[in-house]
Amino acid sequence: MKLRMPRYFDAFRCAAGACPDTCCRDWEVALDEDALRNYRQLEGPLGAAVRAAMAERDGETVLALRGGLCPLLDTDGLCRIQRTLGEAHLCRACVQHPRFAEEYGALQEWCLSLACPETARLLLAETEPMTFPEAVSDEPVHGCNDLDARLFYALLTARRTAFTLAQDRSAPWQTRLARVLDLAAAWQRALDQHRLSRLDAVTARFAAGRFPPAAPGTRPEYARRLLARLEELEPINDAWAALLGTALAEETPAGDFALEAEQLLVYGLYRYWLKAVTDRRLLPRVQLSALLALWGRALAQGRSRAVQIDRIHRLSRAVEHSPENLETVLRWCETDPDFSPAALTAAAW
């Protein structure tokens, strides 16, 4: 199995009790079969506490929240299971988070979720163009995932071109964003017309620097309008609703956020681009990647790094980790003029 991951992946260390926004809040943890079997046999007061916390949700057994927190979280922010029994007794979700993998045949692409404050810190600390080192594991290939191999390899090539366009620091940030969106739009037209034979030629044209006409003019008010649209999503908690209200009431301070916006855009392209192999829904996912950068800029530009980390990881929680909100944003990207590639480019002031 080939493994791929962002450069900072191995630098991740859970902040545990020092985390400013624990992942044991707001999310109910689904228990895998091994953990469920072990917890049902666990003796003593801890075993009784774990079983008392279990609940059924849509065919899964979860640890039900109490007061918005995992009931096994101690007041010092540490997990009673890990403290008493060690990490080996945690369920798979708790061991891996915020790490997760997307599997494409013989390729596993690992990512760190931006919903974790430590991931946000690592990403925002990057100053060089992001790279994605590869390794090989002894893990057997689980299956082919019913991939269209021709489309998949064309998507891989196109994503490499998108990375290059996004990270071309000789061009202004707005121009880079426009080129990435134009590439995705040209691809989407070919996909919608079922003309897969054109895909490689589209990618080659952008890789050679043959771009559509210059991006539209800058419209800072578009960025504010996009930020206000976040109020239409289901709030994940009171803290997010309060943060968004504060951000909408304040003026965005001056500051250079192009480097951070680049990292956010590339994060989105890495995480979402290849998913189009299953449903050919490429352009909306690239628009989503652009939105992560644009919303991140509107929330974080000119603020302290601590505030940037807090706001961006909460943005990710609200958008990327709510299936309902994520689908709403993708639908906006497909149907709403406020989210068209031209409007998003104009918002990149």
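## The β5–β6 hairpin

Two residues sit between the strands in the hairpin of β5 and β6, and glycine 105 there has a positive phi near 60°. The names come from DSSP runs numbered from the N terminus (helices are H or I with at least four residues, strands are E with at least two). This is a predicted model, where local features need pLDDT of at least 70 and side-chain atom pairs count only at pLDDT 80 or more, while totals for chains, interfaces and linings use all residues. Residues are numbered from 1 along each chain as its sequence is written, and side-chain values use heavy atoms, with hydrogens and water left out.

β5 and β6 (residues 107–112) are antiparallel partners, held by six bridges; two strands count as paired if DSSP finds at least two bridges between them. Looking along the pair, glutamate 102 has glutamate 109 of β6 as its bridge partner, and alanine 101 lies opposite tryptophan 110 of β6.

## The three-stranded sheet

There's also an open sheet of three strands, in the order β2-β4-β3, with antiparallel pairing. Here β2 and β3 take the edges with a single partner strand each, so one side of each is left without a neighbour in the sheet.

β2 (residues 29–30) is joined to β4 (residues 60–63) by two bridges, while β3 (residues 54–57) is joined to β4 by four. Methionine 54, meanwhile, faces leucine 63 of β4. β3 and β4 make a hairpin with two residues between them, and aspartate 58 in the turn has a positive phi of about 50°.

## Helix α7

How far apart are the end C-alpha atoms of α7? They are 29 Å apart, which agrees with the 28 Å that the 20 residues of this helix (173–192) should span at 1.5 Å a residue. The expected span is 1.5 Å times one less than the number of residues.

α7 is mostly covered, with 15 of its 20 residues buried (buried is under 20% relative accessible area, exposed over 50%, partly exposed in between, with a 1.4 Å probe and protein chains only). After α7 comes histidine 194, with a positive phi near 55°.

## The second largest pocket

The second largest pocket holds about 160 Å³ of space. A pocket is an open set of points on a 1 Å grid over the protein atoms alone, where a 1.4 Å probe fits, with protein on both sides within 12 Å along at least five of seven lines; lining residues have an atom within 4 Å of a point. Points are joined across faces, edges and corners, and the volume is the space filled by probe spheres set on them.

α6 gives the most to the lining of this pocket, with four residues; β1 (2–4) and α6 (149–166) each supply at least two. Among the lining residues are Lys2, Arg4, Tyr104, Phe152 and Tyr153. By class, the lining has eight nonpolar, no polar and two charged residues. Nonpolar here covers Ala, Val, Leu, Ile, Met, Phe, Trp, Tyr, Cys and Pro; charged covers Asp, Glu, Lys and Arg; the others, Gly among them, are polar.
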